[in-house]
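Let's take a walk through a protein together, starting with the whole chain and ending with a few single residues.

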Amino acid sequence: MTSIPDISLNDGTSIPQLGFGVFQIPPAETKAAVLTALELGYRHIDTAEMYGNEKEVGQAIRESGVPRDDIYVTTKLNNGFHEPDKAREAYQLSLDDLDIGYLDLFLIHWPLPTLYGGDYPTTWNALAQFKSEGLVKSVGVSNFQVDHLERLAAETDLVPVVNQIEVHPYFANAAVRDYGTEHSIATEAWSPIAQGAVLDDQVITEIAGRVGRTTAQVVLRWHIQLGHIVFPKSVSEKRIAENADIFDFELDAESMAAISGLDRGEDGRRGPNPSVFDWIPG
Ligand SMILES: NC(=O)c1ccc[n+]([C@@H]2O[C@H](COP(=O)([O-])OP(=O)(O)OC[C@H]3O[C@@H](n4cnc5c(N)ncnc54)[C@H](OP(=O)(O)O)[C@@H]3O)[C@@H](O)[C@H]2O)c1
């Protein structure tokens, strides 16, 4: 694999632009998948407490033979733990389950504006405290809309390093991405290939044929050229390798514009709308 570029974050750290996501990988399959990704050269793993597979991610990292410091690891706060004391408890639980010494990045998984009195700034201040205590290298958010980010800017002192949001050709999420660009918040694009939904698209298929790549590679390359951080999920060794083999070709401006032109606005969302999402694990 050609080397994976780093993206500089607003706190002076940096993150590999391509990583490996483990959402919906059953715990029994997670260790093998993460070991495969690490063997193939991935050095960035994106997990979450709510994915239920942190222990297996940690086992793979410890058994991989790759030095801990060479791997960037993100996890996220469980929706049921937004009060500051609970957030600290959840953070410690994630650290214990992963058992890899330290975390690179901890995110508020969802803002949950309809829960906890809408007080996500207090949850954010708790994460900021973890960072100032040296418990985690960087802190960020996920699924924050523009109004949520504006509230953090108005009511707290720390700017998130990233906002991890749904972005793919059918859902550009442009206003949130633009806010990030204007305020030095890097965009992490979740479901970068729309969980497979964009892979049969005619426009993308035509471009893939022209550049001699798969449709997944074309879509991931589109993200890379837009500056997004991506971590496609796969349990197939072939597809894990394919998804990382995207650094030796370039899409021309016309192809980039054609893919961007597939945006369906709100209709293109595959996941929940963060403004109303209020799920807490039972
Ligand atoms: N913050 C959040 O709220 C949030 C929400 C969703 C996701 N995420 C993060 O983003 C990561 C990626 O998103 P995602 O898992 O939802 O979706 P995704 O990466 O867009 O797509 C994964 C799906 O595409 C298939 N696939 C992967 N590579 C392929 C290829 N080259 N060709 C054909 N099919 C391929 C996978 O099947 P196989 O496994 O069979 O290959 C899987 O069904 C997650 O793992 C997680 O880390 C975060």
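**A walk through the fold**

Of the contacts in the protein chain with a separation of 6 or more, 75% are between residues 24 or more positions apart; contact here means heavy atoms within 4.5 Å. Before we go on, some housekeeping: this is a predicted model, where local features need pLDDT of at least 70, side-chain atom pairs count only at pLDDT 80 or more, and totals for chains, interfaces and linings use all residues. Residues are numbered from 1 along each chain as its sequence is written, and side-chain values use heavy atoms, with hydrogens and water left out.

Now the overall build. The protein chain has ten helices and ten strands; these are DSSP runs numbered from the N terminus, with helices being H or I of at least four residues and strands being E of at least two. Along the principal axes, the C-alpha atoms fill a box of roughly 55 × 40 × 35 Å. A compact globule of 282 residues would have a radius of gyration near 19 Å, and the protein chain agrees with its 18 Å. (That radius is taken over C-alpha atoms, and the globule rule is 2.2 Å times the number of residues to the power 0.38.) Of the 282 residues, 55% are buried. Buried means under 20% relative accessible area, exposed means over 50%, and partly exposed is in between, using a 1.4 Å probe and protein chains only.

Let's look at some helices. In α10, which covers residues 253–260, Ser255, Met256 and Ile259 are buried. Looking down the axis of α10, you'd find these buried residues within an arc of 100°, so they line one face of the helix; the arc is that of the directions from the helix axis to the C-beta atoms. Ala253 and Glu254, on the other side of α10, are exposed. Here's a handy rule: an α-helix has 3.6 residues a turn, so residues three or four places apart point the same way.

What covers the buried residues of α10? The cover includes α7 (202–211) and α8 (215–226). Helix α7 has buried residues of its own, Ile204, Ile207 and Ala208. Down the axis of α7 they fall within an arc of 105°, so they line one face of that helix, while Gln202 and Gly209 are exposed on the other side. Their cover includes α8 and α10.

Zoom in on isoleucine 207 in helix α7. At 1% relative accessibility, isoleucine 207 counts as buried. If you skip its neighbours within four places in sequence, its contacts are Val218, Leu251, Ser255, Ala258 and Ile259. Isoleucine 207 and methionine 256 are 49 residues apart in sequence, yet 9.6 Å apart in space, C-alpha to C-alpha.

Over to a strand: threonine 187 sits in β9 (residues 186–190). With 11% relative accessibility, threonine 187 counts as buried. Beyond its neighbours within four places in sequence, threonine 187 is in contact with residues including Asn163, Ile165, Arg177 and His228.

Next, the spaces. The largest pocket has a volume of about 760 Å³, and of the 33 residues that line it, the closest to its centre are Phe23, Gln24, Trp190, Ser191 and Gln195. On a 1 Å grid over the protein atoms alone, a pocket is an open set of points with protein on both sides within 12 Å along at least five of seven lines, a cavity is a set where a 1.4 Å probe fits but cannot get out, and lining residues have an atom within 4 Å of a point. Grid points are joined across faces, edges and corners, and a volume is the space filled by probe spheres set on the points. Helix α9 (residues 237–244) gives the most to the pocket lining, with three residues. The largest cavity has a volume of about 40 Å³, and its lining includes Trp190 and Asn173.

Most residues other than glycine have a negative phi. Asparagine 173 isn't a glycine, but its phi is positive, about 50°. Asparagine 173 is in the loop between β8 (162–166) and α6 (174–182), and is buried, with a relative accessible area of 11%. Aspartate 99, also not a glycine, has a positive phi of about 55°. Aspartate 99 is in the loop between α3 (84–98) and β6 (103–108), and is partly exposed at 46%.
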